[in-house]
Amino acid sequence: MRQKLFGLLTLLFVPGLIALAGSDEIEFEEYDLDNGLHVILHQDHTAPIVSISVMYHVGSKNEKPSRTGFAHFFEHLMFEGTKNIDRGEYSEIVEKAGGTLNANTSNDRTYYYEIMPSNQLELGLWLEAERMLHAKVDSVGIATQKKVVIEEKKQRYDNRPYGDIMIQTMKRAFKEHPYRWTTIGDAEHIRAAENHEFQEFYDMFYVPNNAVLVLAGDFEKDEAKQYIEKYYGTIPKGTEDIRRPEANEPPLGGEVRDTVYDQIQLPAIIQAYRTPAMGSEDYYAVDLLAKMLSGGQSSRLHKKLVDEKELAMAVNLFPMPFEHPSVALTFALPNMGVDPQKLEDAMNAEIEAVKNGTIDDREFQKLKNQVESEFVNGSARLYSRANALARNYTYFKNTDLVNTEIEKYRAVTKADIKEAAKKYLTKDNRVVLYYLPESQKQKNQ
């Protein structure tokens, strides 16, 4: 049961698992087309495949408060077809060519990709160019995808145990910044939106000057550049001023505490701490702090609360790697008969132990080894390398972070981790939610 729950929670809480580069330097070439499209080329001839991906710098934080869910809606709509691809045939073309494809949306970006046999390079590049220039944003596709995304919200969020944790948490953790809503958005906003609003969203965000094209794998550069110029070079640059929110959320100003009743069997405790933006100076210390607290079965929270004290069935901490300051979310399931308050007190005690105690050399080295392993494993996968290249340019305009970001982790000291705990894991900087079974509602009122 524990494995199933945390498989679910990973899907709910992690907006995009980001694999990082390994110890061997990743070579790449990058350049801009005249229309503003940024192109990154990374060759790897070890297997006869290519990854063609486009990252658009648009996520749920770019939406209007009255029209949430648009970025996720377009993740679906962009598979409908194009001016030159009949409705429903986009995926079929890729699969018939021996490839796979998918897309995902976060609060900050939308990512589309195909992995194709290398002899289908031109086809893959043409497909993504078609999406950028000629996507079908028409009444038929809009009506179809409205039904799809509204049903998805029902299944994944409304009718699933603990399914709305992120929705309930983020609307309390943020009052002004658009992180206060999640990528799934509000079904009523999607239902009420008119066709021209979707067209306007497409025209603003799905343009070459708001995108990064990454080609990774087995290809020849000269040939690839010719195809890229052929299919992308003539796409017009977007003419709209791209809507970008500022990182303007004020301090939380004190603990926010609430109770949510849900159709669940087991209660849960949620603690969401405000944390720094991905890539910022404190981000790396906070990330290592989270790994120390809940990075595996030998982590502090698991050892103390699950194994030793037997207060929790499961406990984990999920940092949210967002472009702007976000949250780190702790989820804990009390063991049968354990008062949630007792478990929460024990969780708080472990955080205080980090602030006031010591981090021994063995634990610290294990933490660094864990990070190194994640970098190495990330670099082994072509898709992960392509994702990291696109991410680093999109957020930081520094593609070479794929090779240098590991040094930022290596530079973190024990003192930095303790200071991060003192600065961010504080009572006044968190949201606490008790998720309780609906059957307890009348009893507690």
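This is a short tour of a predicted model, stop by stop. Residues are numbered from 1 along each chain as its sequence is written, and side-chain values use heavy atoms, without hydrogens or water. Local features need pLDDT of at least 70 and side-chain atom pairs pLDDT 80 or more, while totals for chains, interfaces and linings use all residues.

**Stop 1: a charged patch.** Select Glu25, Glu27, Glu30, Asp32 and Asp400. They gather on the surface as a patch of negative charge (patch residues have over 30% relative accessible area and no salt bridge, and like charges are joined within 9 Å; a salt bridge is a Lys or Arg side-chain nitrogen within 4 Å of an Asp or Glu carboxyl oxygen). Now pick Glu30. It lies in strand S1, residues 29-32 (strands are DSSP E runs of at least two residues, helices H or I runs of at least four). Glu30 is partly exposed, at 33% relative accessible area (buried is under 20%, exposed over 50%, partly exposed in between, with a 1.4 Å probe and protein chains only).

Stop 2: Select residues 312-319, strand S9. Of its 8 residues, 7 are buried, so the rest of the structure largely encloses S9. Val315 has Ala332 in S10 as its bridge partner.

**Stop 3: two loops.** Most residues other than glycine have a negative phi. Go to Glu310, in the loop between helix H11 (300-308) and S9. Its phi is positive, about 55 degrees. Glu310 is exposed, at 52% relative accessibility. Finish at Lys397, between helices H14 (382-396) and H15 (401-410). Lys397 also has a positive phi of about 55 degrees, and is exposed at 52%.

Conventions:
Patch = residues over 30% accessible without salt bridge, like charges linked within 9 Å, V, L, I, M, F, W, Y side chains within 5 Å. Areas by Shrake-Rupley, 256 points an atom, 1.4 Å probe, with all protein chains shown as cover. Lys, Arg positive; Asp, Glu negative; His and termini not counted. Charge placed at Lys NZ, Arg CZ, Asp CG, Glu CD. Pairing = 2+ DSSP bridges.
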